[in-house]
Amino acid sequence: MNDKEESPSISVLKQSYDELQRRVTRFSVVEQELIDMRNRLDCELGRFGRIHAFSTQALHADSDEAFAIMVADALLDVFELEVGLFWLFDEQGRLLSEPAASSGFRSGHASFARIRSWLESRIRVQEDKSCFFAAQRPELQQAALDFSHMLVGCCRHPCGKPLGLLITGITTAVADFHDALSENEAQSFPVFTAQVAALYANRASAAIIRRQMTDLHESEERLSLAIKGSEIGFWDWCLESGSLVLSHEWKAMLGYHDDEIVSKPDAWLSLVHPEDLERSLHLVSEHMSGMSENYENLHRLRHKEGHYVWVMARGRALRGEKGHARRFVGTHLDISRQKALEERLREAEELQRQARQQAESASQAKSVFVASMSHEIRTPMNGVIGMLQLLQDTSLTPVQSSLVAIAEQSATALLDIIGDILDISKVEAGRVEIKNEPFDLQALVKNVIQLMRHRAEAKDILLECQMPKQRECIVLGDEGRLRQVLINIIGNAIKFTDRGSVRLAVKTGRGTINRHSFSFCITDTGVGISPQALEHLFEPFNQGDSNLNTCKYAGTGLGLAISQALLRLMGGDITVASQKGAGSEFRFTLALPRASPSASAPLLEKDLPAAIPERLTGRILVVDDSQTSRMVAKLMMEPTGLKVDLACDGEEAVSMVKKGRYDAILMDCQMPGMDGYEATRHIRKLPGKRGRLPVIALTANVETGFISECYASGMSDHLCKPVQKASLLAKISHYLAES
Amino acid sequence: MVNSRRAIQECLEAALGTDKKCDLVMLHASIGHDYQALADEVRRQIPGVRVVGASCCGIVGCEGVSESMKDVALMAVRGPELAVAHVDGIYGHNAFEKAAELARQLKAQQPGITMIQFLASGIDIANDWAIAGIESVFGPEVTIFGATSSDNMRGVVSYQIVDDQVFEHGAWAVGFADSSLEVDTQATHGFLAVGEPMVVTRAEGTRILELNGRPAWQEYTSRLGLDPENATCGDSIPVGALAEELPTRLAEEYGNPHILRVVTKRDADGAMHYATTIREGTRLWLTVRDEERIFADMDRMMAAMVERVGGRKPVAVFHADCLARGRYLLNRVMKEELVGRMQFPLSSSGVVPPWLGMYGFGEFARLGGVNTYHNYTTAIYAIYRR
């Protein structure tokens, strides 16, 4: 073979050899690519393994802070990059100012603020539900972040709410040592993100469960302590299984140890008092059937020692969907002690009731006695005073006239004493009723001053009155009782003043929208009261200074006590300031309701005809079982020209009215046989003018109740015994004029 | 472990328990760690302790292998017969002088040093001159074992730790003067040279400027089927082991006719950084990996080592592995199998002796009774009590 022949052959062989060599090296490169691919797969598998290891470890994180650090560390462990950040969102879905934990982050790296700003501009956690991306160097450089590669994943709660971001990446300083993971190469990253999200969400749930468990435990402890402290027995009856749980306290209440009572419904049944059994079973049955909302049963259970214990059972059934009871739970409370106390209380109350009854009986008897005494005294006093007035009308020598006047004053004083005793008796018995009727306060005050003026003038002292300047002042209250108070205090002032003056000042105070306020001040220039006497001034039967001349200043010592009691009943109170020898000052304030504009005050006595005609014409029937009283009335009226017939009881009066023609009747109230009330009712039933005759009560009973009864029976008016001649004639004159 | 300080705490606790007394801590950590923090934490934990360490692409310990970005392994050493020295600014052009200086420091501390663990930056150093520098002080009898530091195969930077300092172009050495100790070293790779060799037509020191008359990087990557413009050392290292022919005598001991070299860096002008000095006219073969041979050679090496020490068990083992033999070559299962095959023969009743290994750029082990620099190998340094 020559060169020309060999050359092509060698050339072909060389070419083939070169090609083989290229294929061998190419094979090495391809093989390396396969190795690289295998390595990447190995790496990814390794990441899943490390994710698993992290999950196991993170379950034991004992705090959220520790968990966050584990997450940040795991980012580096798993993905082998330089920096790991775990960055939480707030409730509004905004990133917090700094990550919860960071790993590998050094001071030379971009600030958290810059990273946060970029993240917030880059991600749309609300819109992009997956929110996983890999950012590469150009984008990161544009954001002025010193990173060459970054993976970002959003951890979400199962409900979709974003919890936090996982960020891992490499800074430019070490970029040469790291391969940038593309999204395809980092499939484990979303898995890790989801795993962290689940763990974090579970932590929150676990924290809630732990907190609830703690709360429950504490609650159970509290309940247990409370039950032990309160000695409340607990029972729990499962109707489906028939089992009954009885607490230690339940058994101890009945003297049993835990092992001495079998926890079965029979245990309770066998202990219920026979008398309570039927009712108890009924109550249970009623509640089970849904007829009662709660089960409550006060019953007795037999104690181990044989006696019975009062137990208050309370419970409630837990019901299924159809309303049938499936569990019945409740408590037992030993109320034996309460029962014993209750019994003792009942006994004490009975004793108290009896005592009160006795006291009331005694008080009633006293009141009846006092009223009766008043009546019984007033009736003969009516005769005495009446006769004295009649005697005064006869021709008497000056001495005789003086003696008659003294006798009349004494009789009147005696009446005042009787009136005071009657009042204090009623006050003490709590039987004083305060009226609430319209009256003109200004008129009342003027009237009182007018009444008291003659007493002041008799002692040659000045009686002054200062009132607000207003036309009238209609208020609601008890005019009679206020008058009584004013007369009492002003009367006292006049009594204890020998020189100088007595002054009544009435001022209006700051009222309210529906009340007038009045302050009353009664000052005198009298003897004054010592400090010692002031302390006891308002006590009954106290007459101020004991060293005063009691003969000179006679009285029962009841007036101020009555006044104080009445003022208190009217909502006011009385105070006194005094110095021995320098006079006294009594003050009280009353807030009286304003009367409605349409209300009008009743006529006062002053409104009655002031002048009584000298001659009167008419026929008057006087009905009274007391002959003296009949005589007094007859003798008072006949001199005026009136014709007077007499009847000694109601029945006779009715009969006379039926037969005769009368213009008015003076009717005693309490009479044997038919009394005045009954007689009036009969008269009112008579036809025609007879039935409309004015009937004026003439009664020795001056209490409100009796007077009310007069009007209730149909009487037209009343006069109290002992009757004043002037008053009698004024009334008669008034009704005659009307008729 | 991502937290450097916590990683050190856990490692020290595993190594020393509660008794933190020791004289020297040797540590290897992958590139994701903060090396200063690692060094500081060791010294904080054990005040006054000497610290030496290196960055690497992965670590090997008694527990096995790990090649993440955040690995740490350390060995705590107790004993008075130790010397530690370091130099900074070691490159290809001054490797001899710096290494000699290093050796002098060691000798000044411990004249009776019999073996030296050496570590230098693995990217731009003339490792053969470094060996020569050390031998110039201690003589060729001293056994030099160790590795060169690395990053994670990017060829960007590697770190060396000495006490509280971290260097990028430093070297450290630990001299063992305990005469009761000896070290047995051996390396193996299992690669096959294929095709026609490339001839170094122009070189300067450790830099290959031209291959086959063309710019070295261009020729090299073209032969590898890589794009010269875009390919990096990270791309070329796994597939581009270069093989130099060994003398027949050494080839027999080595189990392979070629010793391998790695290209750790390339310059913009197309020059390639070689791990040792290289002469023009040297023939360099491309290689392919042969998994069966890798395992077989590993078994052969381990058997030879066991045989050499007559069944004794090592008190500690240092281990340097090429980062290209790690996750870039073997999958996790095979890698663990390979580590198992090297640890098992040296174990005692299944207990692996104290073991500190790292994946770096290069390995130092004796070959033919001479201290030699290797690439793409597994090198075992078993310390025995005599």
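Ile489(A) is buried, with 26 other C-beta atoms within 10 Å. Buried here means 20 or more other C-beta atoms within 10 Å of a residue's own; exposed means 12 or fewer, partly exposed is in between, and C-beta atoms are placed from the backbone. The model is predicted: local features need pLDDT of at least 70, side-chain atom pairs count only at pLDDT 80 or more, and totals for chains, interfaces and linings use all residues. Residues are numbered from 1 along each chain as its sequence is written, while chains are lettered from A and ligands numbered from 1 in the order in which they are written.

Ile489(A) sits in helix 12 (residues 479-495) of chain A. Helices (H or I, at least four residues) and strands (E, at least two) are DSSP runs, numbered from the N terminus. Beyond its neighbours within four places in sequence, Ile489(A) is in contact with Ile522(A), Ser563(A) and Phe586(A). Contact means C-beta atoms, placed from the backbone, within 7 Å. Thr523(A) is 34 residues from Ile489(A) in sequence, and 9.6 Å away in space, C-alpha to C-alpha.

## Strand pairing in chain A

Ile522(A) is also the bridge partner, in strand 15 of chain A, of Leu504(A). Strand 14 and strand 15 (residues 515-524) of chain A run antiparallel, joined by seven bridges. Strands count as paired if DSSP finds at least two bridges between them. Strand 14 (residues 501-508) also runs parallel to strand 12 (residues 462-466) of chain A, through five bridges. There, Glu464(A) stands opposite Arg503(A).

Chain A as a whole has 20 helices and 22 strands. Of its 739 residues, 33% are buried. Among its contacts between residues at least 6 apart in sequence, 62% join residues at least 24 apart.

## An open sheet in chain B

Six strands of chain B form an open sheet with mixed pairing, in the order 4-3-22-21-25-12. Strand 4 (64-66) and strand 12 (181-188) stand at the edges with a single partner strand each, so one side of each has no neighbour in the sheet. Neighbouring strands are turned by 15° against each other on average, direction ignored. Axes are lines fitted to C-alpha atoms, for helices over the stretch in contact; angles run from 0 to 180 degrees between N-to-C directions.

Strand 12 pairs with strand 25 (residues 378-385) of chain B in the antiparallel sense, over eight bridges. Val183(B) stands opposite Ile383(B). Helix 8 (residues 291-308) of chain B lies across these two strands, at about 160° to strand 12. Helix 9 (residues 332-343) of chain B lies across strand 3, strand 4, strand 22 and strand 25, at about 140° to strand 4.

## Where the chains meet

In the model, 27 residues of chain B are in contact with 20 residues of chain A. Strand 13 (191-204), helix 5 (216-224), helix 6 (233-239) and strand 20 (283-289) of chain B each supply at least two residues of the side that touches chain A. Strand 13 gives the most, with three residues.

## Nonpolar cores

A nonpolar core is a set of buried Ala, Val, Leu, Ile, Met, Phe, Trp, Tyr and Cys residues joined through C-beta atoms within 7 Å. The largest has 131 residues; Leu27(B), Val72(B), Ile134(B) and Ile161(B) have the most contacts inside it. Helix 3 (residues 95-109) of chain B gives the most to this core, with seven residues. Domain 1 (4-188 + 295-385) and domain 2 (191-289) of chain B both give residues, so the core lies between them. Domain bounds come from an automatic or database domain assignment.

A second, separate core of 43 residues includes Ala68(A), Phe147(A), Cys154(A) and Leu181(A).
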